[in-house]
Structures are given as C-alpha cells and as structure tokens.
Amino acid sequence: MIKLKEKMIEGFFLLNGLLVVFVLAGIFALLVFTSVPAFKEISLSEFLFTSNWNPTSYIRESYGIGAMLVSTFMVTFGALLIAVPLGIGVAAYMSDIAGDKVREIAKPVIEILAGVPSVVIGFFGIVFVGPIIAKVFGIYNGLNAINGSVLLAIMALPTIISLSEDALRGVPKSFEQASLALGASHWQTLTRVKIPAAFSGIIAACMLGMGRAIGETMTVLMVTGCAPAMPHGFWDSVRTFASTIAIELGEVPYDTTHYYALFSIGLVLFIITFFINMASDILLHKYQKVEK
Amino acid sequence: MKKYLILLISAGIIAAFGVRAFSGQEMLQIKGSDTLINLVQRMAEVYMEKNPGKLIAITGGGSGTGIAALINKKCDIANSSRLMKAKEMSMAAGKNVKPKRVVLAIDAISVIVNTDNGVNKFTKDELGKIFRGEIKNWKELGGKDIPITLYGRQSNSGTFVFFRGFILKGDYSSKMRRMNGNAQIVSAIGKDVSAIGYVGVGYVKNLKGGKISVAKVASRQGAQYASPLSLEDVKSGKYPISRPLNQYVNGNPKGIVKDFIEFELSKEGQKLVENEGFFMIPDEYKKFNKKSAGI
C-alpha cells in the first residue's frame, strides 16, 4: 500500500517535470515550424548577414537582422556594464557592512523596484532619464541606446542584488573568520575571499539579470527610438529584436513572408537566450567543482 | 491597446445585441479603417441614443479589411482612409457589388518642429527630401548648423503609410525614430531642438504650452505656405497634406444605412467630426456625395 502511494507520488512529480520540458519543446517546435515558410522567399544569408529590416518597404522589401542583432547586444551589454558592478557593490554592502536596521528597510525597497511595471519605467525614461542623458552628453535628445541600457540596468538590478546577496551570505562564516584572523583587512576579506567564494552564485545572478534585459520589450520600445538603421555608437537610436516583434506582429497580414519572418526573429531570440542560460549553467558547475 | 479595447467593446456589443438581432432587429455592420473607428464609433453611439432600437456594430482591421468585407457582402458600410484600388473595383463588379463613395470627414497631417528651431516653412518636395534622409542638416534649409532628427510613426500606423505614399514616394530614412504613437512624437519634439515629425492634426490643434511649432507647408516651390490649423486652408486644399476619409456602400444607400449616413453628414454629425480632431467636409465634397451616392 505504502509502496503504491510512493510510486504515485513519484509519478506525479515526474509528470510535472515532463510538462515543463514539453512546454519548452512545444514552443521551440512552434517557432521552428512557423519560421520555415519565411525562407521560401528570403535567403538565409540575407536574413542573417544583411542589416536592413524593412518588410513593408515602398520600393523593395528587405529582411536583414544584422542591425537588430547589434542593437540587442548593445543595449543588453550596456545594461550589464552598469548593473553588474553596481549590483555586486550593493549586495556586498548589504551582506557585510550594513546594519540590521538598514537591511530591513533596504531589502523590501529593492524588491518593490522589481515589481514596477515596465511601461512605468519606460515613461520614467522618456520624461526623466532621456533629458538628463541629452544634457550630460550634449546631444539633442535622449532616445538612444544609453537610455535603454540605463533603464534595463534598473530593471535587472533587483535580481542581481538579491541573488548576489544571498550568495555572499551563503559563504561559510569560517572563511571570513580565518581571513580576518590571518590579518587581512575587511576589504581584502571581501574582495579576495568572500566574492571569489560566492562567484558561482554571483555569475548566476548576473546571467538571470541578463535574461531579464535581453527579452524586455516595452521599456526598450519606448525609449530607444526604434530606428532600424545600423547603430554606430551608444548615442544612436537602436531597435531590438523584441521591439520589432512587438511593433509589427500586431498588424502583419496572416500567412505572408513578413508574418513568418517575425517568427524567425523570435526563434533567433529563443536560441540566444537558450545559449546564455546554458553558458551560465556550465560556468556555475565549473566553479562549484573548484570550490569542492 | 486602445484599439484592442475598442475591438473588445465592439465584440461585446455584437454579443450583447446578437440575441436581439436574431429576433428580427436589423443591425448595421460597419468595418474598416482604424483611423476612422473612434469617430464612427462615437457617431454610432449618439445615433443609437437618439434612435432607440436601431443597432450598429463597428469593427476595425484596416481599410483593406473593410473593403474586402463590402465586396463579400459581409458588411453594409466600409470605412476607408484611402480610395478603392482598380483591382478592388473589378473584384466588386465580379460579385455584382456597386461601391458608392461617401466622404464624411477631412484628415490633415501636420508637420511639427521645435519652437527654438528657426525653420518652420517647408515645401512638399523639401519634406520628401528630409524624411527620405537626403537633407541631413538644418543649415541646408537656411537654419542653424544642427543635424536633423526625424520622428515618425511605426510601420503599423496608417499615418506612416499615408505620409510615405503622399510625401516621400519612397522609403523613410532608416535613421528616423519610430515612435509609439502621436502623443510621444509631440512630447519628444518639444524637448529636441533638432527635431521634425508628423502627427495627426488633432494632436496639435488644441495644444497649449510646450515648445511645439506647427509648420506651414506649400504644395510646391513658389506656392503659398499654409497652416493645417487654418480651417479654410485645409478645406480649400491650400494645405497640401490632407486626405478625405471615406465610407463605401453597396449601391445607393437605403433604409438604416441611408439614415445613418445622413446623420453623419448632418450638422450634429459634423460637429462630432470636429470634436474628434478631424475637419468638416467642405461644400465641394457635399456636392460630390450627392452625385456619388445621392445623399
């Protein structure tokens, strides 16, 4: 009797696990099958290696994702450049320096930041961040890649701070005590002992923050200007994969090359996030082995 | 978002009244242009309030969708912000449908710049060059030495398509910022001295404050510059970037179709046109409507 119950519970959990895999595989299959018809009319090399995306052109349609690929990576890495140092800094402060009272207030505040809707952050970017960027850099407007990066950094920060702090707190007290006992200063203990020991957790936190940034749609759509030209720097307007899908999918006629091409973009985005997650997973395991 | 909301509401109205329609009520079906949907929806609300028992259902989907539905006899009135193409006319003839055009409002697209920018007069030709990206600096137009920043709509907008076909006759510069709606273009240009953009005239008609200057446009070199804010200039066609907004019906309208269109063209209906940010039809289009559809 007990054995049967055990078996049933086991089966139930197996089913749950399989369901997640099935959903993921289903999404992938859907993307692949709806992408394929696009390549009846577009050559794969045009799609991947040219930079002009204009499926509703007045003169000649073009389907190149080059500029979008560059734009997406620019905005994402720009965001990480801001969010990673800041996030780790805040996490170190919260785990090692801040008193209990400060932490009790700061932690919920940071978590509330994670709950702010992306439209609100986008609006904040238009009316507040944009004009500041324009002033600071002496340009005429703030609708560019920097603005997108700053806002995405704000959105990725709560994830990075929260998970990095957990990782730093997870470092055994004995490490810290040993380091201090050997005469290392507080700073040396933090940078040379605690952060390396928590490295796998911090990497995972940053990768999750990156996952949040790369697929974010609404905020980026509102503040980057969405010009389809190839960007030449962070001062230029950019248009990411996610914004292109959001702008065009709503009005595209069904069963056209344009329709299928949008799914191809979705597939590319899916593959990119898949590889980011895989890379973070490999990194995580590698460092865990070193620790042991 | 608003569009979906309207669709949802119209779907709700259809569902709610569907039952009554089955019980022998006649229901007017209107389909088509997204530019017109708010206006016609508003007109239908007022009309239904005044005529209890008469039912009108309105859906969007774009001018092409509406015209296709009219050809397939799936709707009574097709809203269209463009004229029917020759191909659509021959398709209609093949199905024994006789489309008649009625003009119910005039839409003007205004070109706006920042007030701190010295230049605010353009010819149609210059606008084409600016938005195609051939003129890149304000000094080429007699202004300061500042690069031009272009602001326009995203490709799913009817205004984007109209402006492209009417002014550019080519592709927009790929450097043009694709903004998420008229209001965003207005607020961005108010902060950017290098900016130029286009929006529906409804968005700048009652604008107070802000650093927005509505540009004057001439149809060609040497012609008079006219402002879209001047009622006369838009009506007389002196302001060159305007278009008639149309409805197509099958044959000369009768019954409720006729009644509703007469309401749209009445003083009260035309007042709603103004309220929604469009322009009343001038006398020449009133004459045209009589000739075209007998209304």
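Predicted model: local features only at pLDDT ≥ 70, side-chain atom pairs only at ≥ 80, totals over all residues.
Residues are numbered from 1 along each chain as its sequence is written, and chains are lettered from A and ligands numbered from 1 in the order in which they are written.

Chain A contains 12 helices and 2 strands, where helices (H or I, at least four residues) and strands (E, at least two) are DSSP runs numbered from the N terminus. The order of these elements along the sequence is α-α-β-β-α-α-α-α-α-α-α-α-α-α. The C-alpha atoms of chain A occupy a box of roughly 75 × 70 × 30 Å along the principal axes. Of its 292 residues, 37% are buried; a buried residue has 20 or more other C-beta atoms within 10 Å of its own, an exposed one 12 or fewer, and a partly exposed one a number in between, with C-beta atoms placed from the backbone.

Chain A is divided into domain 1 (2-40) and domain 2 (45-291), with bounds from an automatic or database domain assignment. The centres of the two domains, taken over C-alpha atoms, are 28 Å apart. Their contact involves 7 residues from domain 1 and 8 residues from domain 2, two residues being in contact if their C-beta atoms, placed from the backbone, lie within 7 Å. On the domain 1 side there are 5 nonpolar, 2 polar and no charged residues. In this classification Ala, Val, Leu, Ile, Met, Phe, Trp, Tyr, Cys and Pro are nonpolar, Asp, Glu, Lys and Arg are charged, and the others, Gly among them, are polar.

Chain B has 12 helices and 11 strands. Its radius of gyration, taken over C-alpha atoms, is 20 Å, close to the 19 Å given for 295 residues by the globule rule, so chain B is as compact as a globular protein of that length. The rule is 2.2 Å times the number of residues to the power 0.38. The C-alpha trace of chain B spans about 70 × 35 × 35 Å along its principal axes, and 43% of the 295 residues count as buried. Among contacts in chain B with a separation of 6 or more, 73% join residues 24 or more positions apart.

Strand E3 (residues 77-80) of chain B pairs with two other strands, pairing being defined by at least two DSSP bridges. Strand E1 (residues 27-32) runs parallel to E3(B) and is joined to it by 3 bridges; B:Lys31 has B:Ala78 as its bridge partner. Strand E11 (residues 242-250) is antiparallel to E3(B), over 4 bridges, and B:Val249 stands opposite B:Ile77. In a regular strand the side chains alternate between the two faces of the sheet. In E3(B), B:Ile77 and B:Asn79 point one way and B:Ala78 and B:Ser80 the other, and all are buried.

The largest nonpolar core has 142 residues, and A:Ala156, A:Ile160, B:Ile56 and B:Ala105 have the most contacts inside it. Such a core is a set of buried Ala, Val, Leu, Ile, Met, Phe, Trp, Tyr and Cys residues joined through C-beta atoms within 7 Å. Helix H6 (residues 145-169) of chain A gives the most to this core, with 15 residues. Beyond its neighbours within four places in sequence, A:Ala156 contacts A:Ala79, A:Ala83, A:Gly209, A:Arg212 and A:Ala213.

The contact between the chains takes 21 residues from chain A and 18 residues from chain B. Strand E7 (177-179) and helix H7 (182-191) of chain B each supply at least two residues of the chain B side. That side has 3 nonpolar, 8 polar and 7 charged residues.
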